[in-house]
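I opened the model and kept notes as I went. Here are the entries, in the order I looked things up.

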Amino acid sequence: MRFILVFLCLFLAAPAHAAPLTITEAVTLALRDNPRASAATHDVRAAGQGARAAGAPANPTIVFTPAITEGGSDTELLVTQPLE
């Protein structure tokens, strides 16, 4: 009796037969539903952006200094760009 009950539970819980998947569909489904693949994709994107940022030049520094001197007003503008 138990065997019949277990068999019926397994038979009823089994999914209906679906059409076979192509290789492309199977890979797409696996990549979409696999959290590790999704995390790896995000890691690759983050590494690419990190490499891009590392290759960018450093930010320039701009200093604007207004001053009043004996001869009138004087203004100084200094722009520096660090070289690495």
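**Start of α3.** I began where helix α3 begins: a side-chain oxygen of Asn 34 comes to within 3.0 Å of the backbone nitrogen of Arg 36. I count this as a polar contact, which asks for a pair of N or O atoms within 3.5 Å; within protein, one must be able to donate a hydrogen and the other to accept it, and residues adjacent in sequence count only if both atoms are side-chain atoms.

**Ground rules.** This is a predicted model, so I noted that local features need pLDDT of at least 70 and side-chain atom pairs pLDDT 80 or more, while totals for chains, interfaces and linings use all residues. Residues are numbered from 1 along each chain as its sequence is written, and side-chain values use heavy atoms, with hydrogens and water left out.

**Helix α3.** I checked its length next. α3 covers residues 35–55, and its 21 residues should span 30 Å at 1.5 Å a residue. The expected span is 1.5 Å times one less than the number of residues. The end C-alpha atoms are 31 Å apart, which agrees. How many of the 21 residues are buried? I found one, so α3 is hardly covered. Buried means under 20% relative accessible area, exposed over 50%, and partly exposed in between (1.4 Å probe, protein chains only).

I then picked Thr 41, which sits in α3. Thr 41 is partly exposed, at a relative accessible area of 39%. Its C-alpha atom is separated by 9.8 Å from that of Leu 31, 10 residues apart along the chain.

**Salt bridge.** I searched for salt bridges and got one in the structure. Arg 32 and Asp 33 form it through their side chains, at 3.1 Å from N to O. My criterion was a side-chain nitrogen of Lys or Arg within 4 Å of a carboxyl oxygen of Asp or Glu. Is Arg 32 buried or exposed? Arg 32 is exposed, with a relative accessible area of 61%.

**Whole chain.** I stepped back to the overall layout. The protein chain has three helices and two strands, in the order α-α-α-β-β from the N terminus. Helices (H or I, at least four residues) and strands (E, at least two) are DSSP runs, numbered from the N terminus. Buried residues account for 1% of the 84 residues. The accessible surface is about 8100 Å², and carbon and sulfur atoms hold 66% of that. Areas come from the Shrake-Rupley method with a 1.4 Å probe; for residues, only the protein chains shown count as cover.

**Strands.** I followed Val 63, found in β1. Val 63 is partly exposed at 36% relative accessibility. It touches Glu 76, Leu 77 and Leu 78, leaving out residues up to four places away in sequence. Contact means heavy atoms within 4.5 Å. The C-alpha atoms of Val 63 and Glu 76 are separated by 7.9 Å, 13 residues apart along the chain.

Leu 78 lies in β2 and is partly exposed at 41%. From Leu 78 to Phe 64 the C-alpha separation is 6.5 Å, across 14 residues of chain.

**Nonpolar patch.** Which residues form the nonpolar surface patch? I listed Ile 62, Phe 64, Leu 77 and Val 79, with about 450 Å² of accessible area together. Patches take residues with over 30% relative accessible area and no salt bridge; like charges are joined within 9 Å, nonpolar side chains (Val, Leu, Ile, Met, Phe, Trp, Tyr) within 5 Å. β1 (61–69) and β2 (72–80) each supply at least two of the patch residues. Leu 77, in β2, is exposed at 56% relative accessible area.
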